[in-house]
Amino acid sequence: MNIRKIVVGQLDVNCYIISDGSNSEALVIDPGDEPEKIIECIDAAGLQPKYIIFTHAHYDHVCAAKELHDQYNAVIVMHEQEKTTYRMTMQRCISWGYAPEDFPEPERLVKDNDTISVGTISFRVIHTPGHTPGSICILGEDTLFSGDTLFKGSVGRTDLPGGDFGLLSQSLKKLIHLPPETSVMCGHETETSIAEEMRENPFLKNI
């Protein structure tokens, strides 16, 4: 698995571009801002995005989706329970000067345990509500793309609309059963592993 990480936007979101080298297909996770920067990286690698996936629909994870969709005709994917969050994000961003057409409708809605394939890699969708109702993690080849569900030493906040700490705790229980060697590529800041978080993350010690 080839993983390219680009940090974008005012909130330093980690946008991931994933491919396997068998062909030009790629998966883009959380294109939150700075579309020209993401497109430059994709084109320099000679890739063709097949899917654009939102781990969740807060503005800092979705605001470059239109430009990538227009450029590559990639399918926009999010969880079926994330539509309300996406509509709230759209209304918030319109108030900042964005246009409604800057937020294209997702073309594929997924649920827990659905799979998405890019090249020879099959990714499993893990529904992890708590940060938002439709938050998901994406698991492929012993690597978890955790969005804002799990961070190095912390977890996603639950004090925003749609947040629920009880649901987040249940979601974290799913993740701790993954193999300890699973790498975790977070939505912000640095990567970690399930083993490290089991040892060090205070939110995982009592669930």
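1. Starting with Lys5: at a relative accessible area of 37%, this residue is partly exposed. Bear in mind that we're looking at a predicted model. The side chain of Lys5 meets that of Glu191 in a salt bridge, 3.9 Å from N to O. Lys5 sits in strand β1 (residues 2-8) and Glu191 in the loop between β13 (183-186) and β14 (192-193), so the pair ties together parts that are 186 residues apart in sequence. Glu191 is partly exposed too, with a relative accessible area of 40%. The cut-off for a salt bridge is 4 Å, in case you want to judge that 3.9 Å contact.

2. How many salt bridges does the structure hold? The count is 7. Another of them joins Asp70 and Lys66, with the closest N and O atoms 2.6 Å apart. Both residues lie in helix α3 (residues 65-72), 4 residues apart, or about one turn of the helix. Lys66 is partly exposed at 22% relative accessible area.

3. Then there's Asp159 with Arg157, where the closest N and O atoms are 2.7 Å apart. Asp159 is exposed at 56%, while Arg157 counts as partly exposed at 47%.

4. Helix α1 (residues 35-44) is worth a look. Its buried residues are Pro35, Ile38, Ile39 and Ile42.

5. On charge, Glu36, Glu40, Asp43 and Glu67 form a negative surface patch. Helix α1 supplies the largest share, 3 residues. Glu40 lies in that helix and is exposed at 58% relative accessibility.

How values were computed
Residues are numbered from 1 along each chain as its sequence is written. This is a predicted model: local features need pLDDT of at least 70, side-chain atom pairs count only at pLDDT 80 or more; totals for chains, interfaces and linings use all residues. Side-chain values use heavy atoms; hydrogens and water are left out. Patches are made of residues with over 30% relative accessible area and no salt bridge: like charges are joined within 9 Å, nonpolar side chains (Val, Leu, Ile, Met, Phe, Trp, Tyr) within 5 Å. Accessible areas come from the Shrake-Rupley method with a 1.4 Å probe; for residues, only the protein chains shown count as cover. Lys and Arg count as positive and Asp and Glu as negative; His and the chain ends are not counted. The place of a charge is taken as NZ of Lys, CZ of Arg, CG of Asp or CD of Glu. Helices (H or I, at least four residues) and strands (E, at least two) are DSSP runs, numbered from the N terminus. Buried means under 20% relative accessible area, exposed over 50%, partly exposed in between (1.4 Å probe, protein chains only).
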